[in-house]
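Work through these exercises with the model open beside you. Try each task before reading its solution.

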Amino acid sequence: MSSMFHIQNLYLFFIASLLLNLTPGNDMIYVASRSISQGIKAGIISAAGIFIGCFVHILAAVFGLSIIIMKSAFLFELIKYLGAGYLVYLGIKTFITKSNFDKEIISLPNVDKWRLLKQGIITNALNPKVALFFLSFLPQFIRIDSPLYKIQLFSLGLWFDLQDTFVLIVVACVLGKTSNFIKNNQRFWRLQQKITGVILIGLGIKVALSAKK
């Protein structure tokens, strides 16, 4: 493991990815809406669709970044700098945005389980923000000098996807029974959002400074 990843950066990845997955976003709002409208099962199926759809971005990041690494180490370092800047931007945006999660949840019409799965896949696969995030986030944690960098990229992407799916399933189970959890925990969501923003800003700065060494 130590020869594949920088252990310190790996712990940072686990923490940052968990906080990001806990922050209400398009995927969480979609699963929450399905869970409230159609129940726990619909929410879990939607989460499964999002899990599958995320593989589009994982594979795109793995193959796209791998091609860049093979062609030019300079271009890869440039992407890391741009990625660091994007993480700082995301952090600032997350920190200053006021979230009203309960007001963003909408009622959706009932559909069958296969359409739920398909809609979950499309919701994530066609989201350009997810693609941009993977391209900027994953390179910060891999060892470009390792011959296993493709496995690194895929492993980190898969972990992020699995972690996100687990969080979404928990959201589906909670909101499938009651929506009061969200309405009664606005302070928690806002605090967690601020923490995530600070970590993203710090991560972006750390990456930018370490890249100069």
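**Exercise 1.** At what angle do H3 and H7 pack, and how far apart are their axes?

Solution. First, the ground rules. This is a predicted model, in which local features need pLDDT of at least 70, side-chain atom pairs count only at pLDDT 80 or more, and totals for chains, interfaces and linings use all residues. Residues are numbered from 1 along each chain as its sequence is written, and side-chain values use heavy atoms, with hydrogens and water left out.

Step 1: find the helices. Helices are DSSP runs (H or I, at least four residues), numbered from the N terminus. H3 covers residues 40–71, and H7 covers 128–137.

Step 2: read the geometry. H3 and H7 pack at about 40°, with axes 9 Å apart. H3 is therefore oblique to H7. Oblique covers what remains after under 35 degrees (roughly parallel), over 145 (roughly antiparallel) and 65 to 115 (roughly perpendicular). Axes are lines fitted to C-alpha atoms over the stretch in contact, and angles run from 0 to 180 degrees between N-to-C directions.

Step 3: assign the hand. The H3 and H7 crossing is right-handed. In a right-handed crossing the near helix is turned clockwise from the far one by less than a right angle; anticlockwise is left-handed.

Step 4: list the contact (heavy atoms within 4.5 Å). H3 brings Cys 54, His 57, Ile 58, Ala 61 and Leu 65, while H7 brings Val 130, Ala 131, Phe 134 and Leu 135. By class, 8 are nonpolar, 1 is polar and none is charged. Nonpolar means Ala, Val, Leu, Ile, Met, Phe, Trp, Tyr, Cys and Pro; charged means Asp, Glu, Lys and Arg; the others, Gly among them, are polar.

**Exercise 2.** Describe how H3 packs on H6.

Solution. Step 1: H6 spans residues 113–125, and its axis lies 6 Å from that of H3, at about 40°. H3 is thus oblique to H6. Step 2: the crossing is right-handed. Step 3: the H3 side includes Ile 45, Gly 49 and Ile 52, and the H6 side includes Leu 116, Leu 117 and Ile 121. The contact holds 11 nonpolar, 6 polar and 1 charged residues.

**Exercise 3.** Which hand does the crossing of H4 and H7 have?

Solution. Step 1: the axes of H4 and H7 come within 8 Å and cross at roughly 125°. So H4 is oblique to H7. Step 2: H4 passes H7 in a left-handed crossing. Step 3: among the residues that meet are Tyr 86 and Lys 93 of H4, with Lys 129 and Phe 133 of H7. The classes are 8 nonpolar, 2 polar and 2 charged.

**Exercise 4.** Which helix gives the largest share of the lining of the largest pocket?

Solution. H4 does, with 5 residues. H7 and H8 are among the helices that each supply at least two. The lining divides into 14 nonpolar, 11 polar and 6 charged residues. A pocket is an open set of points on a 1 Å grid over the protein atoms alone, where a 1.4 Å probe fits, with protein on both sides within 12 Å along at least five of seven lines; lining residues have an atom within 4 Å of a point.
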